[in-house]
Amino acid sequence: MNLPDDTIAAISTPVGQGGIGIVRLSGPRASEIADKVFRPGGRKGLAKAKTFSMMYGHVVDPASGREIDEVLVTVMRSPRSYTKEDVVEINCHGGMVAVRGLLALLLSEGARLAEPGEFTKRAFLNGRISLTQAEAVMDLISARTRESMKLAVDQLKGRLSEKLGSLRESLIEVCAHAEAYIDFPEEEIETKTCEELIARTGEIKAELEGLSKTFEEARFFREGLSIAIVGRPNVGKSSLLNALLKKDRAIVTEIPGTTRDTIEEYLNIQGLPVRIVDTAGIRHSAEAVEREGIRRSLDALQSADYAIAVLDGSEPLHADDMEILEIIKSKAAVIAINKSDLAPQISPDEVFLQARPYIRLSALRGEGIEELKSMIFRANLKDWEEEREGVVVTNIRHKQALDLAAAALGRAAKILAENRPLEIFSIELRDAADSIGEITGAITTDDILNRIFDDFCIGK
Ligand SMILES: Nc1nc2c(ncn2[C@@H]2O[C@H](COP(=O)(O)OP(=O)(O)O)[C@@H](O)[C@H]2O)c(=O)[nH]1
Ligand SMILES: [Mg+2]
C-alpha cells in the first residue's frame, strides 16, 4: 500500500453556525498552503512557526487581497501530530460562509478535499495507531452515553489491539515451533511436543472465544439496544414511551388507533444507549391505513433486540392481547401490565405470565417506570458487571474475524490429534493469525480500509 504524499484539507467542525469553525490541513505542504492565505499579525509566517504554537492573523484571498476572516492558526509538525504528517488547524468564525470560503481558498492553493475519515486513515497508514484504534475514534464521536464512550476510549488507548497483538504473537510462536519439525523431517515429532502444541492452540482458541463472547452484550454500547413497544390499541404504549422519555413525545388520546406510524426515540438506561420504537396498535379488524401501521409495527418488532409487550391491566385479557403474546413468544421481552392505578382485571397467575418477566406499572402516573428500566438493563446485560472491566469487543467486524480465527484453531488442533501432516496444522494457524491481523490492521487490504473509513465523518 502506498503511503499518501499529497496534502488534504477539510472542515472538521459540524455544518451550521457555531462559535468557532475549524478547517484542517494535513500533508507535506500543509503549512506552505496555509501560509498562502494567511496574513500573520506579527512578523513570522507559518513556515517558521514553532510546532504546537498558535498564531493570530487574517485569512486573505491571495487573488484579490481581500480579508476574509480573523483567525487563530495552530501548526503541528510531523511526526508529532494526529496524522504523523504536518498538520495545520485554522480556527475561524463558525459561520457557513467563513468556513466554506476558507476551505475553497485552500483547495485552490493546492490542497485536495479530504475523503471521509482520511485524517484518521493517514494516522493508521503512517503507523501511529492500529485499525481498532482508528475505529474507536468514530465510536467515540458517535457515543451516546458515558459508558459507550468509556469503551471507545479504552479501545482508542489500544487495549484491544495490544491484547490481539499478543495473542497473534503467541500463535506465530506456536507456528514456528511446529514448522521447525517440518524443516527437519528426519526429526520425529514427540508425542509430548504434539500434546503441547495442541494445548497451546486450545488456550489461544479459548481466549479468542472469550473475547468474541463479550460482543453479545458489549455491542449494545456501540450499536444501541433496540426495543419495540407493542400491544393492541389503547393499552398505553405511547404513554409508556412518554413516561420512559419523561416528555410528551408521542400523541396520546383515548381514541384507539392514534399512533399510525412508528416513532423512534433515544433513551439512556444506566449508560446503555437504547433506541426505543413506539408502534401502532396491533389488532385484527383494521382498515387500510391502520393495516399499514400494523405491518410496520411487526417489522419494528422483528428487527428489535427486545420487546415491551403492553397490556391494559384494567381490562380482562383480549383475544388481540393473546395474539400479541403469541407473536413475541420467540423474542426476548418483558410484559408491562399498564394502568395499575385502576382496579386490576388481569391476575398474575394467568398462565402465560408465568413464563415471562412482567411488571405492573402506570404510565399515566409514572409508577414502575424505573423498575421497568432496571429490568430491561438486567435482562440484556447479564454478564456485564464482570465483563466491563476487561477487554471487550463492540464491533461486528472484530467478532467475525475472531470467530474465523477460533474456528481455524479448532481445525488445527484436530489435525494434530489425528496425526495428520504438520504442514496443514501450520496453514490453519497462519490463517488464524491473519484473521487477527486483519482486526488490528497488521494485515490489511484496500477493501477493508475502504469499508471502515467510508463510514467516517468528513474532517476526522
Ligand atoms: N388510568 C390510566 N390510563 C392510562 C394509562 N396509560 C395510558 N392511559 C390512557 O389510555 C389511553 C390510551 O393511551 P395511549 O398511550 O394513546 O395508548 P396506545 O394506543 O397504546 O399508544 C389514553 O387515554 C391514556 O391517557 C395509565 O397508566 N393509567
Ligand atoms: Mg399510541
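Student: Which residue in strand 5 is the bridge partner of Y56?

Tutor: This is a predicted model, in which local features need pLDDT of at least 70, side-chain atom pairs count only at pLDDT 80 or more, and totals for chains, interfaces and linings use all residues. Residues are numbered from 1 along each chain as its sequence is written, and chains are lettered from A and ligands numbered from 1 in the order in which they are written. Strand 4 (residues 53-60) and strand 5 (residues 67-76) are antiparallel and pair over eight bridges; strands (E, at least two residues) and helices (H or I, at least four) are DSSP runs numbered from the N terminus, and two strands pair if DSSP finds at least two bridges between them. The partner of Y56 in strand 5 is L72.

Student: Which residue of strand 6 is the bridge partner of T74?

Tutor: Strand 5 also pairs with strand 6 (residues 87-94), in the antiparallel sense, over five bridges. There, the partner of T74 is E89.

Student: Which residue stands opposite I335 in strand 13?

Tutor: Strand 12 (residues 333-338) and strand 13 run parallel, joined by three bridges. Opposite I335 stands Y358.

Student: Which helix gives the most residues to the shell around ligand 1?

Tutor: Around ligand 1 there are 21 residues, of which G236, K237, S238, S239 and L364 come nearest; a residue counts as near if its C-beta atom, placed from the backbone, lies within 6 Å of the molecule. With three residues, the largest contributor is helix 8 (residues 237-245).
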